[in-house]
Amino acid sequence: MGALHPFDREKMILGVLYHDPEVLEAGLSRMKELFGEFDDMTEEFSFSKEHSSYYDEELGGEAMRRIYSFKELVAPDRQAEIKTLTNAIEASLSVDGNRKINLDPGFMSIGRLMLPTTKDASFRIPLSDGIYTEITLFWSRGTWNKLPWTYQDYQSERVQTFLTRVHKTYLLQRKSEPDTHKKDPKKK
């Protein structure tokens, strides 16, 4: 029988869709209060023009995209809790039932990127409280690899370049902090 031990802490990222920069700042401020500072981010780009206008009406205009990475590592078994928190932040910034920001946390390990969601599908695994997770990308032979369900933006060169940079940072963090089993400092 294998020995039980805590999961290694992982690099948390945050995919954000927004139209209004003030709403973006309010959402990011709440996230930083909960999870600490960012250590990297993509440049802003138009999700609407590059991928889909699906979110434009709800967000109130052209959906812009940024992805951030947090400095502090988190335990991957917090995915459901963290997705529930991001949903609450989205709801608090909604107007007339429409989200004005979409906050999607992700969890990067040495070999995968997982994204939690409220939407069930055959390839998603139930966690708790109506939250599922999926492996969105996997790391092999020095690159991120897609799966049949990987979102278009996560397949793009721009996002893959960012995720590769974050992966390198994560590996350096693991070397300088070899005890990645230690307690998550932000876990309640």
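Aspartate 8 is partly exposed, at 26% relative accessibility (buried means under 20% relative accessible area, exposed over 50%, partly exposed in between, with a 1.4 Å probe and protein chains only). The model is predicted: local features need pLDDT of at least 70, side-chain atom pairs count only at pLDDT 80 or more, and totals for chains, interfaces and linings use all residues. Residues are numbered from 1 along each chain as its sequence is written, and side-chain values use heavy atoms, with hydrogens and water left out.

**Salt bridges: count and network**
- The count is 13 salt bridges, each defined as a side-chain nitrogen of Lys or Arg within 4 Å of a carboxyl oxygen of Asp or Glu.
- A network of salt bridges links Glu43, Glu50 and Arg158.

**Pairs involving helix α6**
- Aspartate 8 forms a salt bridge with arginine 174, at 3.3 Å from N to O.
- Aspartate 8 is in the segment before β1 (10-18) and arginine 174 in helix α6 (residues 157-176), 166 residues apart; helices (H or I, at least four residues) and strands (E, at least two) are DSSP runs, numbered from the N terminus.
- Glutamate 43 and arginine 158 form a salt bridge at 2.5 Å, N to O.
- Glutamate 43 lies in the loop between β2 (38-41) and β3 (45-46) and arginine 158 in helix α6, so this pair ties together parts 115 residues apart in sequence.
- Glutamate 43 is partly exposed at 43%, as is arginine 158 at 26%.

**Pair involving helix α3**
- The closest N and O atoms of the salt bridge between glutamate 58 and arginine 99 are 3.3 Å apart.
- Glutamate 58 lies in helix α3 (residues 56-59) and arginine 99 in the loop between α4 (79-92) and β5 (101-108), so the pair ties together parts 41 residues apart in sequence.
- Glutamate 58 is partly exposed at 23%, and arginine 99 is partly exposed at 22%.
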